[in-house]
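Open the model in your viewer and keep the selection panel at hand. This tour goes stop by stop, through rings, disulfides and salt bridges.

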Amino acid sequence: TEDPVDQVVVGGGTMVLSCKVSGSAQVTVTWQKEGIAISKDDGVYSQQDTFSNTFSGGVTTSTLTSANADSGLVGNYQCVATKGTLSFTSSVAAVTVKALDFLSSVEKKGDQVTLECLYTGSETVTSMVLEVESQGNWVPVQTNNFITAVNQLSTSGDKQFSSIVLTADPSVAVDYRCTAVYGGKTYVKTASLTVVEVTPSNVQEEFFMRSGETATFSITVKSTPPLQPTVIWTNGDSPAISGTGGVTFSDTYNLNTGDTVVELAYSGTVDTDSISGRMSFSAGGKLTEFNYNLRIDIYDITFTPTSGSLYQEVDSEVTLACSVQNLNYGQVASYTYTWPPSCSSCQPSS
């Protein structure tokens with residue numbers, strides 16, 4: 001009955017798309033962006049967004065609402081009406097957002113980073129200034145040992161932008177500000193850079209441990225400024241539960257230092273190649289994840305003879321042997337030692 005229509009939204013404003021379907025009974029209406037179904041659970045929209053369907057007077061009305069619009073909403077939208085085996089798709093509604101974006105970022109120390117202040121829209125940006133917070137004041141961004149470039153206002157299609165190129169380091173993990181002038185008004189956006197340092201301690205992708213022993217995995221992640229991560233362990237496709245299957249793990253966050261210590265101990269008796277961890281940092285609406293996967297191989301050592309002392313006649317020969325067995329690989333190593341004493345005064349050997 002009524003297709004959604006094109007919409008131009010001002011940054012920070014609200015996008016409202018609606019479609020109507022007439023019929024004798026209510027139909028199910030869903031929404032797509034670029035042909036892909038969207039919902040509140042897919043992480044595309046914020047908690048302020050709503051999906052509503054109402055039925056009145058033989059008309060089903062569906063509305064998709066998104067507050068605090070930014071460039072992430074730009075795209076082509078359609079509604080899809082379904083009743084039983086029948087399905088109808090509306091025409092496309094193009095959404096354009098006139099917005100200034102300057103996103104916070106969480107990066108690993110040493111990574112190359114670009115902080116971009118971006119305006120998307122039809123207005124002409126007459127000025128765009130990048131500043132950094134220093135001792136409580138805002139000063140123009142200058143190059144140094146870690147900030148390698150400050151790119152001034154450039155244009156590409158309907159996008160106008162300036163950027164800061166740097167190497168992530170705690171010394172530049174501060175707040176940055178972008179001030180842009182367009183349409184006769186001044187707009188200001190701030191973004192923070194958080195830098196994390198990963199300090200390994202006995203970190204290996206693969207552990208070899210003897211059955212009955214314990215393998216310990218430990219890392220320390222320091223964030224500047226302090227930012228607490230979310231730590232998730234999984235065993236295969238399921239969440240890992242500490243204290244089951246020979247696995248125990250913990251994570252401890254220190255607000256004062258920004259350190260997060262993650263520890264995992266495995267004392268099982270079977271091989272595993274499916275234990276993995278994920279550490280997630282969220283800043284300014286952006287989610288940054290660090291993953292670490294562990295493979296643990298259990299082995300057994302067999303000695304021949306198993307233990308005790310051997311008493312041999314002079315000039316006789318004895319062979320000692322050991323083998324290393326793994327459940328996945330079978331025998332992975334075998335060693336033999338032959339001791340042929342040729343004198344009557346030979347000393348005992350271990």
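Rings of Phe, Tyr and Trp, the last by its six-membered ring, pair if their centres lie within 6.5 Å; planes under 30 degrees apart count as stacked, over 60 as edge-to-face and the rest as tilted. By that rule there are three aromatic pairs. The model is a predicted one.

**Stop 1: the aromatic pairs**

Select tyrosine 182 and tyrosine 187. Their rings are stacked, with 4.3 Å from centre to centre and 10° between the planes. Is tyrosine 182 buried or exposed? Tyrosine 182 is buried, because its relative accessibility is 6%. Tyrosine 187 reaches 28% and is therefore partly exposed.

Move on to tryptophan 233 and phenylalanine 249. The ring centres are 6.0 Å apart and the planes meet at 40°, so this pair is tilted. Tryptophan 233 sits in strand 20 (residues 230–235) and phenylalanine 249 in strand 22 (residues 247–254), so the pair ties together parts 16 residues apart in sequence. Tryptophan 233 is buried at 4% relative accessibility. Phenylalanine 249, at 21%, counts as partly exposed.

**Stop 2: the disulfides**

How many disulfides does a search of the whole structure find? It finds two.

Select cysteine 19 and cysteine 79. Their sulfur atoms are 2.4 Å apart, and the two form a disulfide. The link between cysteine 19 and cysteine 79 is right-handed, with 130° about the S-S bond. It joins distant parts of the chain: cysteine 19 belongs to strand 2 (residues 15–22) and cysteine 79 to strand 7 (residues 75–83), 60 residues apart. Cysteine 19 and cysteine 79 are both buried.

Next, pick cysteine 117 and cysteine 178. This disulfide has an S to S distance of 1.9 Å. The torsion about the S-S bond of cysteine 117 and cysteine 178 is about -75°, so the link is left-handed. Again distant parts are linked: cysteine 117 lies in strand 11 (residues 112–120), cysteine 178 in strand 16 (residues 175–182), 61 residues apart. Both cysteine 117 and cysteine 178 are buried.

**Stop 3: the salt bridges**

There are three salt bridges to visit.

Start with lysine 109 and glutamate 197, whose side chains meet at 3.5 Å, N to O. Lysine 109 is in the loop between strand 10 (105–108) and strand 11, and glutamate 197 is in strand 17 (residues 185–201), so the bridge ties together parts 88 residues apart in sequence. Lysine 109 is partly exposed at 41%. Glutamate 197 is partly exposed too, at 21%.

Select glutamate 131 and arginine 177. Their salt bridge is 2.8 Å, N to O. Glutamate 131 is in strand 12 and arginine 177 in strand 16, 46 residues apart. Glutamate 131 is buried at 13% relative accessibility, whereas arginine 177 is partly exposed at 22%.

Finish this stop with aspartate 259 and lysine 222. The closest N and O atoms of this salt bridge are 3.7 Å apart. Aspartate 259 lies in strand 23 (residues 259–266) and lysine 222 in strand 19 (residues 215–224), 37 residues apart. Aspartate 259 is partly exposed at 23%, and lysine 222 is partly exposed at 31%.

**Stop 4: valine 132**

Select valine 132, in strand 12 (residues 125–134). Valine 132 is buried at 14% relative accessibility. Which residues does valine 132 contact, leaving aside its neighbours within four places in sequence? Among them are Trp138, Pro140, Val174 and Tyr176.

Terms used
Residues are numbered from 1 along each chain as its sequence is written. This is a predicted model: local features need pLDDT of at least 70, side-chain atom pairs count only at pLDDT 80 or more; totals for chains, interfaces and linings use all residues. Side-chain values use heavy atoms; hydrogens and water are left out. A disulfide is a pair of cysteine sulfur atoms within 2.5 Å. Helices (H or I, at least four residues) and strands (E, at least two) are DSSP runs, numbered from the N terminus. Buried means under 20% relative accessible area, exposed over 50%, partly exposed in between (1.4 Å probe, protein chains only). Contact means heavy atoms within 4.5 Å. A salt bridge is a side-chain nitrogen of Lys or Arg within 4 Å of a carboxyl oxygen of Asp or Glu.
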